[in-house]
Amino acid sequence: MNQLRSVLSLMFLSFNLYSQQDPNIFDQFESQFIEIGGYKINVEVKGEGDPMFFLPGGPGNSHDYMQGNFGQYYKTNTVVFFDWLGRGKSDNAKDISEYSVENDVEVIEKLRIKLKFNKISLVGHSYGTVPAQAYAIKY
């Protein structure tokens, strides 16, 4: 029983150490605006290696909370954080009909092309899982 307790404690400690946020992670990223369909989309890219797009939830959230939790992946991958149209620092849509899963899927694909990635991995949270699945089905 003591051995099991020791193993579980060690596992908890190791998970806890690797899941800690870097308090300076936000300072390591810089916004750039990429034009897509006449709109400026806020994008932050860092790192080298296989690209990972992080798709925030909401709908309505900016990417900041995902960057705080997953920004350290730039050490092994190219991480791409962005704000959907009408969210965060990205431009607002001119017509509310432009807020759709289909449009969000196209934002992902156009960002992939503009950033010159052949293949991407998607990590979605909450609403972000919906366009991630739609993207996987379409592309």
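Guide: Keep in mind that the model is predicted.

Visitor: How many helices and strands are there?

Guide: Four helices and five strands.

Visitor: In what order do the elements run from the N terminus?

Guide: The order is α-β-β-β-α-β-α-β-α.

Visitor: What about contacts between residues at least 6 apart in sequence: what share joins residues at least 24 apart?

Guide: That share is 70%.

Visitor: And the accessible surface, what does it come to?

Guide: About 8,600 Å². Carbon and sulfur atoms own 53% of that.

Visitor: New topic. How many salt bridges does the structure hold?

Guide: Three. As background, side chains of opposite charge can pair when their charged atoms come close.

Visitor: Start with R87. Which residue is its salt-bridge partner?

Guide: R87 pairs with D104. Their closest N and O atoms are 3.5 Å apart. R87 sits in the loop between β4 (78-82) and α3, while D104 belongs to helix α3, so the bridge ties together parts 17 residues apart in sequence.

Visitor: Is R87 buried or exposed?

Guide: Buried: R87 has a relative accessibility of 7%. D104 counts as buried too, at 2%. The cut-off for buried is under 20%.

Visitor: Which residue does E106 bridge to?

Guide: To K138, with the closest N and O atoms 2.7 Å apart. This pair links distant parts of the chain, since E106 is in helix α3 and K138 is in helix α4, 32 residues away.

Visitor: Is K138 buried or exposed?

Guide: Exposed, with a relative accessible area of 52%. The line for exposed is over 50%.

Visitor: What's the salt bridge at R112?

Guide: The side chain of R112 meets that of E109, at 2.7 Å from N to O. R112 and E109 are three residues apart in helix α3, so about one helical turn separates them. Residues three or four places apart point the same way because an α-helix has 3.6 residues a turn.

Visitor: Are R112 and E109 buried or exposed?

Guide: Both R112 and E109 are buried.

Visitor: Over to α4. Which of its residues are buried?

Guide: P131, A132 and Y135, in a helix that spans residues 129-138. They cover an arc of only 105° around the axis, which puts them on the same side of α4.

Visitor: What covers the buried residues of α4?

Guide: The cover includes β3 (51-55), α3 (101-114) and β5 (121-124).

Visitor: And which exposed residues are on the face turned away from the buried side?

Guide: That face of α4 carries Q133, A136 and I137.

Visitor: Last stop, Y127. Where is Y127 found?

Guide: In the loop between β5 and α4. Y127 counts as buried, at 14% relative accessibility.

Visitor: What does Y127 touch, not counting residues up to four places away in sequence?

Guide: Y127 touches P56, G57, G58, P59, W84, R87, S100, V101 and D104.

Visitor: How far apart are the C-alpha atoms of Y127 and V101?

Guide: They are separated by 9.4 Å. Along the chain, Y127 and V101 are 26 residues apart.

Definitions and conventions. Residues numbered from 1 in each chain as written. Predicted model: local features only at pLDDT ≥ 70, side-chain atom pairs only at ≥ 80, totals over all residues. Heavy atoms only, no water. Buried < 20%, exposed > 50% of the residue type's maximum accessible area, 1.4 Å probe, protein only. Helix = DSSP H or I, 4+ residues; strand = E, 2+ residues; numbered from the N terminus. Arc of directions from axis to C-beta. Contact = heavy atoms within 4.5 Å. Salt bridge = Lys/Arg side-chain N within 4 Å of Asp/Glu carboxyl O. Areas by Shrake-Rupley, 256 points an atom, 1.4 Å probe, with all protein chains shown as cover.
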